[in-house]
Amino acid sequence: MKQWFLSGLVLWSLLSASLLQADDEAPEVSPARAQELWQQIAPFFEPGSEFEGDLGDLKSPLKFYDGSPVKTKADWQKRRQEILKTWHTMMGEWPPVNEHPDVKTLKQEQKEGYTQYTVQFDIAPGHPNTGYLLIPDGAKPDHSRPAVLVVYYEPETGVGLKGENRDFARALAKRGFVTFSVGHDYSLYYPNREKAEIQPLSALAYGAANAFHVLANRSEVDPERIGIMGHSYGGKWSMFASCLYDKFACAAWSDGGIVFNEKRPSVNYWEPWYLGYEGPDFRKRGLPTKENPRTGLYKRLVKEGYDLHELHALMAPRPFLVSGGSEDPPSQWRALNHTIAVNDFLGYKNRVAMTNREKHSPNPESNEQIYRFFEYWLLQDQLDQQK
């Protein structure tokens, strides 16, 4: 699907560092380079004839819950708040986001092209968390650098200490981005697993909002140009975080399963560590069945006809990329077309993108597509043109 452009992608990746970063300057892009970047990523924003305009059987975000249509941009803002309030009420209200987190530096290491700081902060009140903050060589305290938050089971993966083709924080740091690799094993229960007040996936999103401000408060970082990404578990986490917290400028979600699907065991929003929490005694792991039924909020969401495309719509007009694998095939355009419709209504084009690979695991090609996406949308000149 739309693979004609990929032969030049590898060559472009080899040129990337020299094109986008000087030793003592923040990365930026000229209009000519922006155009070249756009040519690389433009096919990602095209559903293709098979799915173009296909909205599937999902309810339109451009209708209020009472069925009345969104007719004006002011109506959309009311509808947006209706979606946000409804989901927060169902999932559990967040505590206040900590916009000035206390960050402790535990270790500093010089790497090739960047400095890696091991830091500690509270991902939620009473929940200390350790992550890796990567500052590119030459970064100045002038609030000029774009940044990306990378989320996964543990922070080591994002900086290349575990796994394969998942070193997103390290790769982006080498391209001039400040990055923060944050992990949390399985899920976040707030205030505790015995009596969680927030569905765990929403609590993770709240934790990402707190981590956002670790980056935003760095003197090297432009707080208007912070993105977020994650793979699989991290794909779900980054999706909920970017949809629910609009300070993230853009996002990339790698094969987390962007809508409910009980035919795919890995698209497991029903599990109690995502949206199926209803107490410390967890249901048996696995697909919902009569013997092992849905639990928690997930049970209500399915019964009442909610789905995650409503959250996707909260991104508009912020750009996002679905890096799809086995769990997010091309047919997911049916869900994404709803957010395209919202962007069209608001007067924005090319804000919803998807790439596809056969397998769940990321690979060099899919990673390069993600990096191109961030380079285009988070570099200063491009954002200035989009305002």
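**Close-up views of a predicted protein model**

**View 1. β4, α4 (155-158) and β6 each supply at least two residues of the lining of the second largest cavity.** Helices (H or I, at least four residues) and strands (E, at least two) are DSSP runs, numbered from the N terminus. Residues are numbered from 1 along each chain as its sequence is written, and the model is a predicted one, in which local features need pLDDT of at least 70, side-chain atom pairs count only at pLDDT 80 or more, and totals for chains, interfaces and linings use all residues. Side-chain values use heavy atoms, with hydrogens and water left out. By class, the lining divides into four nonpolar, four polar and one charged. On a 1 Å grid over the protein atoms alone, a cavity is a set of points where a 1.4 Å probe fits but cannot get out, a pocket is an open set with protein on both sides within 12 Å along at least five of seven lines, and lining residues have an atom within 4 Å of a point. Grid points are joined across faces, edges and corners, and a volume is the space filled by probe spheres set on the points. Ala, Val, Leu, Ile, Met, Phe, Trp, Tyr, Cys and Pro count as nonpolar, Asp, Glu, Lys and Arg as charged, and the others, Gly among them, as polar.

**View 2. The second largest pocket has a volume of about 320 Å³.** Among the 16 residues that line this pocket, V259, F260, S331, Q332 and R334 are the closest to its centre. Its lining comprises six nonpolar, five polar and five charged residues.

**View 3. Nine strands form an open sheet of mixed pairing, in the order β1-β2-β3-β5-β4-β6-β7-β8-β9.** β1 (104-111) and β9 (352-356) are the edge strands, each pairing on one side only. Neighbouring strands of the sheet are turned by 20° against each other on average, direction ignored. Two strands pair if DSSP finds at least two bridges between them. Axes are lines fitted to C-alpha atoms, for helices over the stretch in contact, and angles run from 0 to 180 degrees between N-to-C directions.

**View 4. Strands β3 (residues 127-136) and β5 (residues 178-183) pair in the antiparallel sense over three bridges.** L134 has T179 in β5 as its bridge partner. Helix α6 (residues 200-216) packs on the sheet, where it touches β2 (114-124), β3, β4 (145-152), β5 and β6 (221-231), and its direction makes about 140° with that of β2. Contact means heavy atoms within 4.5 Å.

**View 5. Strands β1 and β2 form a hairpin with two residues between them.** The two strands run antiparallel and are joined by seven bridges. In β2, Y114 is the bridge partner of K111. Within the turn, G113 has a positive phi of about 95°.

**View 6. Helix α10 (residues 333-346) lies across β8 (320-324) and β9.** The helix runs at about 160° to β9.

**View 7. Loop residues with particular backbone geometry.** The peptide bond from Y190 to P191 is cis, with omega near 0°, and P191 is found in the loop between β5 and α6. Another cis peptide bond joins A316 and P317, with omega of about 5°; P317 is found in the loop between α9 (309-313) and β8. N165 is not a glycine, yet its phi is positive, about 60°. This residue is found in the loop between α4 and α5 (168-174).

**View 8. The protein has twelve helices and nine strands.** Its C-alpha atoms fill a box of roughly 60 × 50 × 40 Å, taken along the principal axes. For 387 residues, a compact globule would have a radius of gyration near 21 Å, and the protein agrees with this, having 20 Å. The radius of gyration is taken over C-alpha atoms, and the globule rule is 2.2 Å times the number of residues to the power 0.38.
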